[in-house]
Amino acid sequence: MTALTRLPVSPRLRLQGGGSLAGKNGRVYEQLFSPTVQHTLDLVGIFVFAISGALLAVRKNFDVFGIAVLAEVTALGGGLFRDLVIGAVPPAAFTDLGYFLTPLLATLLVFFLHPHVERLQTGVNIFDAAGLGLFCVAGTTKAYDYGLGLTASACLGLTTAVGGGVLRDVLANEVPSLLRWDRDLYAVPAIVGSAMVALCIRYEALTPLTSGLAVVTAFVLRLLAMRYHWRAPRAWNRRSTVVEGD
């Protein structure tokens with residue numbers, strides 16, 4: 001549910017606008033995808049996540065400014081948080097105009113054509129699942145490139161994938177979807193994808209093939225969760241010990 005950020009091709013991680021930051025753990029992410037592919041995947045994922053944020057804003061009866069805010073937050077929130085944590089500043093959302101304008105394009109589309117977009121919700125969900133897989137993999141590898149350990153990198157990969165959706169729901173005054181037991185699994189597929197990347201890095205097996213396998217695994221798990229309504233279990237014997245509504 002958030003933007004990927006491209007790593008530069010220099011041996012040092014150059015920050016747009018001046019200085020640089022050494023990549024302590026090497027340059028994993030840039031070895032997986034070409035810069036053109038990275039940027040294309042970024043924009044596609046940003047657009048799909050922005051659509052989901054804009055649609056929620058329409059359902060909440062927000063005005064056009066509110067629709068734009070929810071679209072931007074959903075598309076870019078997770079990546080912004082990750083970049084601030086790892087020190088990749090300024091984040092690409094503030095240096096690449098395409099990252100900022102793509103959610104606005106989604107806003108215009110939903111603003112004028114939201115009844116038609118709603119009818120395409122199944123297709124949007126499929127692309128959203130694909131974005132989830134892509135972002136958890138890219139988020140994990142970029143966090144590792146900037147010197148984090150494997151566990152922390154996997155956690156930031158998860159944050160990259162779901163953070164924008166959490167911010168979207170909070171701004172819309174809803175309990176975040178990934179915390180609700182009555183929603184299909186969302187965070188779990190991202191956790192699996194991020195963990196696969198971390199294990200591949202640990203055993204020096206991360207290649208375009210294995211990273212693609214992690215993307216596909218997260219994607220398929222999310223599709224199966226939507227198809228069969230897989231949900232995480234609630235507390236054991238909750239109904240016998242807790243009064244409903246407490």
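This is a predicted model: local features need pLDDT of at least 70, side-chain atom pairs count only at pLDDT 80 or more; totals for chains, interfaces and linings use all residues.
1. Two elements give two or more residues to the patch, α3 (64-86) and α4 (97-119). Helix α4 provides the largest share, 5 residues.

2. Residue L108. The C-alpha atoms of L108 and A68 are separated by 8.4 Å, although the two residues are 40 residues apart along the chain.

3. Overall make-up. The protein chain has 9 helices and 2 strands. Read from the N terminus, the order of elements is β-β-α-α-α-α-α-α-α-α-α. Helices (H or I, at least four residues) and strands (E, at least two) are DSSP runs, numbered from the N terminus. Of the 246 residues in the protein chain, 44% are buried.

4. Packing of α3 and α5. The axes of α3 and helix α5 (residues 121-145) come within 10 Å and cross at roughly 10°. The two helices are therefore roughly parallel to each other. Angles under 35 degrees count as roughly parallel, over 145 as roughly antiparallel, 65 to 115 as roughly perpendicular and the rest as oblique. Axes are lines fitted to C-alpha atoms, for helices over the stretch in contact, and angles run from 0 to 180 degrees between N-to-C directions. The crossing of α3 and α5 is right-handed, a term used if the near helix is turned clockwise from the far one by less than a right angle, with left-handed for anticlockwise.

5. The whole structure contains 6 salt bridges, each defined as a side-chain nitrogen of Lys or Arg within 4 Å of a carboxyl oxygen of Asp or Glu. One of them joins the side chains of K142 and D83 (3.1 Å, N to O). Because K142 lies in helix α5 and D83 in helix α3, the pair ties together parts that are 59 residues apart in sequence. K142 counts as buried at 2% relative accessibility, and D83 counts as buried at 1%. R82, D83 and K142 are linked in a network of salt bridges.

6. Two further salt bridges. The side chains of R168 and D169 meet in a salt bridge (2.9 Å, N to O), and both R168 and D169 are buried. D182 forms a salt bridge with R180, with the closest N and O atoms 2.9 Å apart. D182 is partly exposed at 28% relative accessibility, and R180 is partly exposed with a relative accessible area of 28%.

7. Basis of the values. Residues are numbered from 1 along each chain as its sequence is written, and side-chain values use heavy atoms, with hydrogens and water left out. Local features need pLDDT of at least 70 and side-chain atom pairs count only at pLDDT 80 or more, whereas totals for chains, interfaces and linings use all residues.

Conventions:
Buried means under 20% relative accessible area, exposed over 50%, partly exposed in between (1.4 Å probe, protein chains only).
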